[in-house]
Amino acid sequence: MKRPVLAANWKMNNGPTAARTFMNTFLASYPPRADRTIIIFPPAVALTTVASATANREDVLAGIQNIHWAEKGAFTGEISAPMAKDAGARVVLIGHSERRHIFGETDAQCAKKCVASSRAKLAFMLCVGETIGEREAGETERVVTRQLREGLSQTANLISADLLIAYEPVWAIGTGLTASAGDASAIHTVLRSELCQMIGTKGDEIPILYGGSVNTENAAGLLAAPEVDGLLVGGASVEPASWLTIAQT
Ligand code: PGA
């Protein structure tokens, strides 16, 4: 198995004060480990807090939950990839289902964000996942394949891009419903084969994370499933105690 990637998506939780307390607590109990990578995606206002707390840790990276594709300009409320990098981000989360479904983000916009991240020499994690309706209609593979291909379609130097994929079935996010390890493996296998069609053997190296109601109870089983190279965790990553357990899975 590849070196696992365990990623915490705090969403709109843990501002700078809470982020500082969290990082102090977490890092005090989590000494450096070479056998896994941890990524923390705080809200943008807490990015510098997390980045400075992890400045001397190669195994714990700060990330940003969203970027705009332009480098700068009249885009009130937005943050560019170079700015995120300047603030300490090492990874960009792109196309999270809440961005797609609450804020109407499209595959074409995700594609531009992938380009912007790679231009800024930031790693990026493209999220894909089907809704319950799509799943029940038997469209899961078609939907995730489209999101993957369209999301990556504009990134010219894909082979050298620092890329991660997260499969997050929309019906499993924040609902307490989790894909079975077998279901997750099956979709990860589809994604893996698409990646290999796109970029040859480099496709085998790209970590594919599972996300959707991961918790301290189910994390180990999911992580042990074939083709599951890591976990992207929302609710159970907001408090240091449960996150520590998952990070040590
Ligand atoms: P959840 O969120 O773990 O709370 O289901 C996962 C995610 O949206 O990344």
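Author: Let's begin with one term: two residues are in contact when heavy atoms of theirs lie within 4.5 Å. Helices (H or I, at least four residues) and strands (E, at least two) are DSSP runs, numbered from the N terminus. Please keep in mind that this is a predicted model, in which local features need pLDDT of at least 70 and side-chain atom pairs count only at pLDDT 80 or more, while totals for chains, interfaces and linings use all residues. Residues are numbered from 1 along each chain as its sequence is written, and side-chain values use heavy atoms, with hydrogens and water left out.

Reader: Thanks! Which residues of α7 meet α8?

Author: On the α7 side you will find Thr140, Glu141, Val144, Thr145, Leu148, Arg149 and Leu152. Their partners in α8 are Ile187, Val190, Leu191, Glu194, Leu195, Gln197 and Met198. Sorted by type, the residues of this contact are eight nonpolar, three polar and three charged. In this sorting, Ala, Val, Leu, Ile, Met, Phe, Trp, Tyr, Cys and Pro count as nonpolar, Asp, Glu, Lys and Arg as charged, and the others, Gly among them, as polar.

Reader: At what angle do α7 and α8 pack?

Author: In general, two packed helices are described by the angle between their axes and the distance between the axes. Axes are lines fitted to C-alpha atoms, for helices over the stretch in contact, and angles run from 0 to 180 degrees between N-to-C directions. Here, α7 (residues 140-152) and α8 (residues 181-199) pack at about 35°, with their axes 10 Å apart. Their crossing is right-handed. A crossing gets that name if the near helix is turned clockwise from the far one by less than a right angle, and is left-handed if anticlockwise.

Reader: Which residues do α1 and α10 bring together?

Author: Phe22, Thr25, Phe26 and Ser29 of α1 meet Pro240, Trp243, Leu244 and Ala247 of α10. This contact has six nonpolar residues, two polar and no charged. The axes of α1 (residues 16-29) and α10 (residues 240-247) come within 10 Å and cross at roughly 35°, and this crossing is right-handed.

Reader: Back to α7, please. Is Thr140 buried or exposed?

Author: Buried means under 20% relative accessible area, exposed over 50%, and partly exposed in between (1.4 Å probe, protein chains only). Thr140 has a relative accessible area of 8%, so Thr140 is buried. Leaving aside neighbours within four places in sequence, Thr140 is in contact with Glu130, Glu134, Arg135, Tyr167 and Ile187.

Reader: What does Arg149 touch?

Author: Arg149, also found in helix α7, touches Glu194, Gln197 and Met198, not counting residues up to four places away in sequence. The side chains of Arg149 and Gln197 make a polar contact of 3.2 Å. A polar contact is a pair of N or O atoms within 3.5 Å; within protein, one must be able to donate a hydrogen and the other to accept it, and residues adjacent in sequence count only if both atoms are side-chain atoms. Arg149 is called partly exposed because its relative accessible area is 33%.

Reader: And where is Glu150?

Author: Glu150 is in helix α7 too. With neighbours within four places in sequence left aside, Glu150 is in contact with Asp107 and Ala111. The C-alpha atoms of Glu150 and Cys110 are separated by 8.2 Å, though these residues are 40 residues apart along the chain.

Reader: What about loops? Where does Asn66 lie?

Author: Asn66 lies in the loop between β3 (60-64) and α3 (81-86). With 16% relative accessibility, Asn66 counts as buried. A polar contact of 2.7 Å joins its side chain to that of Lys113.

Reader: How many residues surround the ligand?

Author: A residue is near a molecule or strand if one of its heavy atoms lies within 4 Å of that partner. Here 14 residues surround the ligand, and the closest are Lys11, His96, Glu168, Gly174 and Ser213. A polar side-chain atom of Lys11 lies 2.8 Å from an oxygen atom of the ligand. For Gly234, a backbone N or O atom lies 2.9 Å from a ligand oxygen atom.

Reader: What is phi of Ser213?

Author: Phi of Ser213 is near 55°, a positive value in a residue other than glycine. Ser213 sits in the loop between β7 (208-211) and α9 (219-223), and at 17% relative accessibility Ser213 counts as buried. Glu227 also has a positive phi, near 70°. The loop that holds Glu227 runs between α9 and β8 (230-233), and at 28% relative accessibility Glu227 counts as partly exposed.
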